[in-house]
Amino acid sequence: MALEQLSDVVQKCQAVQDDKYSPEDYDVFNTAGRTCIEEGHSAQVLSILVDEKNQAMVKCMGWNLLDPLVQVMLKQEVKNRPHCQAILKHLLKVCSPKELLVGLLEQVEEAPVELLVSAFLLLLKPLKEVLMRLGERKASSLGMVLATLLEQVAKLPTPRSREQEADDFHPLCHCCTSLMAFVRPFVDEARARRGRPNKEDELRVELLKFCMKSLSEPLLQVQLQDSDPLAVSPLREFALDVLSSLTAIGESLPSLVSHPVLRKRRAEGFLEEEVRYPKESLASLAHLLFVHHVAIDTFPAVYSPIFMLRCNMEHINLLLSRYLLGRVDRLELYEKSLVTVVDGSVSVNELEIKTFTSVPQNLVKIMTLCPAHHLRTKGLKLLQLSIDKFDVEAKYKFFECMLKVSSHSGVEGYIIKNIRSQIDFSLKPGNENDWFLGAHLMPLLRQVLVLPDGPETDLLQNLDRLMESLNLLRYLVLRDKVTQNQTGVWTELTHLEERFMRPLRVGLNMSRAHYEMELQRTMAGHKGKVKGDSMLSVAVGDEQLPHMTSESQIQALHSALHTFDMMESVLVRVEEVVQESS
């Protein structure tokens, strides 16, 4: 029935002049043609379409058969596939390239998840043939095609290990390899057209957008494996091809990496700077170069480590902030950028660049919020490494800044411990400086040796900070004799007693009284209960302690009281030294 309808409408259309087919003719052709292909009559459809008398009609209507053709070919039906391939090949030669392009992209976009990869790989060659037919007018169409293909690639899961990449169960690797083979002829064409005067090459612009998009998705999302000459890594090869394509179309990798610092001159053309060079893409580029050493042999070695650190800080800041949103681990670029810098060589001028303080703040968030222990440990290591790279004045300013912005007792305690180390270094012969001795040190000490909320400060919540502050004060009064007073602590002692030591003493007494009272109440309640008693909830001050058994509650209260004893012992030692020196 459908074959008869198709034959009838074809014969009718042969008599139509100037391709003025009626809407009814279009509907019958499309419906009958689809049904014939789906029912396995593709051989008969092929004979009709290649008939010379029908070429005008095929040129106007043929592209509508793309959908049933692609669906049959995706089903891998051996019997009908050769004839469907022949029909598709004929349509690609005869039909309007613009209509074919729209039809093929619809097939790519509408492919169901289970057939996404098959449709992607099947339609690459037809898409390339159609683009080639467009000649010099293909740039914008190429951009549309590449954007659509990358959208499909972004839907595929990314491998997380060398084994997953080798298995390619979700064939991201295969798609990336095929995509670069698809792009390569256009890159070669753009390379050959470089240097044309007075006009930005639109083909180059579309390829630049493709490369930048590829750097952010999928390359920013994947964890490339270490280079192994004996193993093939399709994703590493894809990354290398993207970077090579950037170079081929006239982009300088060093200029792209240093873009945040040098701010390239405004390029001519219709693309805004942020669209032309997206921050995520540039950060991914830096990560590929300096962490995975992709195309690093093309990068000149003349740049100083401090300059490269300055260039990479904005990239690092973005990568760390993206990690906090659940992206893959991206601490390596910061580490690679730091290790080559000489200790003590980063001057205070660098702190005027916002990222030199925002990067450590993002690092602190990873140290305190990341569920992975190894990443928290690595974050702490990098924080110390970054501190080591600052000169003396920069360290001082950095400590000052971190104490202001941090709201985490452990981090504040770590900074205070570093301050003590710097003071100890400065007190040794030959290391004297104006920042960790004398008048400059006092404002920093006042920032450290203080109770945030006076005597009402939660001593347990601020334990790390308070213990390091007490240890610092004990170190100062023991190490810096009153007769020398190199740090100025003895001059400041009266203020420190009023602002820190006395409020801390009051706070310790108040806290101990609260916890001792609660301990007595809990122990009294425990005696009246049988073994295996129910869960308890205890309030200390305004804080509700976690639900736990009375034995666990008693143990927690004893632990708190022991902590207060430990703090008091250090405070007593400071008071004794002060009294002895008076």
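Tutor: Let us begin with the whole. The model, which is predicted, contains 27 helices and two strands. The protein has 582 residues, and 50% of these count as buried. Among the contacts with a separation of 6 or more, 74% are between residues 24 or more positions apart. The accessible surface is about 28100 Å², and carbon and sulfur atoms hold 52% of this area.

We now turn to the links between side chains. A search of the whole structure finds zero disulfides. A disulfide is a covalent bond between the sulfur atoms of two cysteines. Cys 13 illustrates the point: the closest cysteine sulfur belongs to Cys 60 and is 9.3 Å away, which is too far for a bond, because a disulfide requires the two sulfur atoms to be within 2.5 Å. Cys 13 is buried, with a relative accessibility of 3%, and Cys 84 is buried as well, at 0%.

Salt bridges, on the other hand, number 26 in the structure. Side chains of opposite charge can pair when their charged atoms come close.

Consider Glu 251 and Arg 204, whose side chains form a salt bridge with an N to O distance of 2.5 Å. This pair joins distant parts of the chain, since Glu 251 sits in the loop between α13 (234–248) and α14 (253–257), Arg 204 belongs to helix α12 (residues 202–216), and 47 residues separate them. Both Glu 251 and Arg 204 are buried.

A salt bridge also joins Lys 428 to Asp 424, with 3.7 Å from N to O. Here Lys 428 is partly exposed, with a relative accessible area of 41%, and Asp 424 is partly exposed too, at 24%.

Arg 446 and Glu 492 form a further salt bridge, with their closest N and O atoms 2.6 Å apart.

Finally, salt bridges may share partners. In this way Glu 136, Lys 138, Glu 189, Arg 193 and Asp 201 are joined into one network.

Methods: Residues numbered from 1 in each chain as written. Predicted model: local features only at pLDDT ≥ 70, side-chain atom pairs only at ≥ 80, totals over all residues. Heavy atoms only, no water. Helix = DSSP H or I, 4+ residues; strand = E, 2+ residues; numbered from the N terminus. Buried < 20%, exposed > 50% of the residue type's maximum accessible area, 1.4 Å probe, protein only. Contact = heavy atoms within 4.5 Å. Areas by Shrake-Rupley, 256 points an atom, 1.4 Å probe, with all protein chains shown as cover. Salt bridge = Lys/Arg side-chain N within 4 Å of Asp/Glu carboxyl O.
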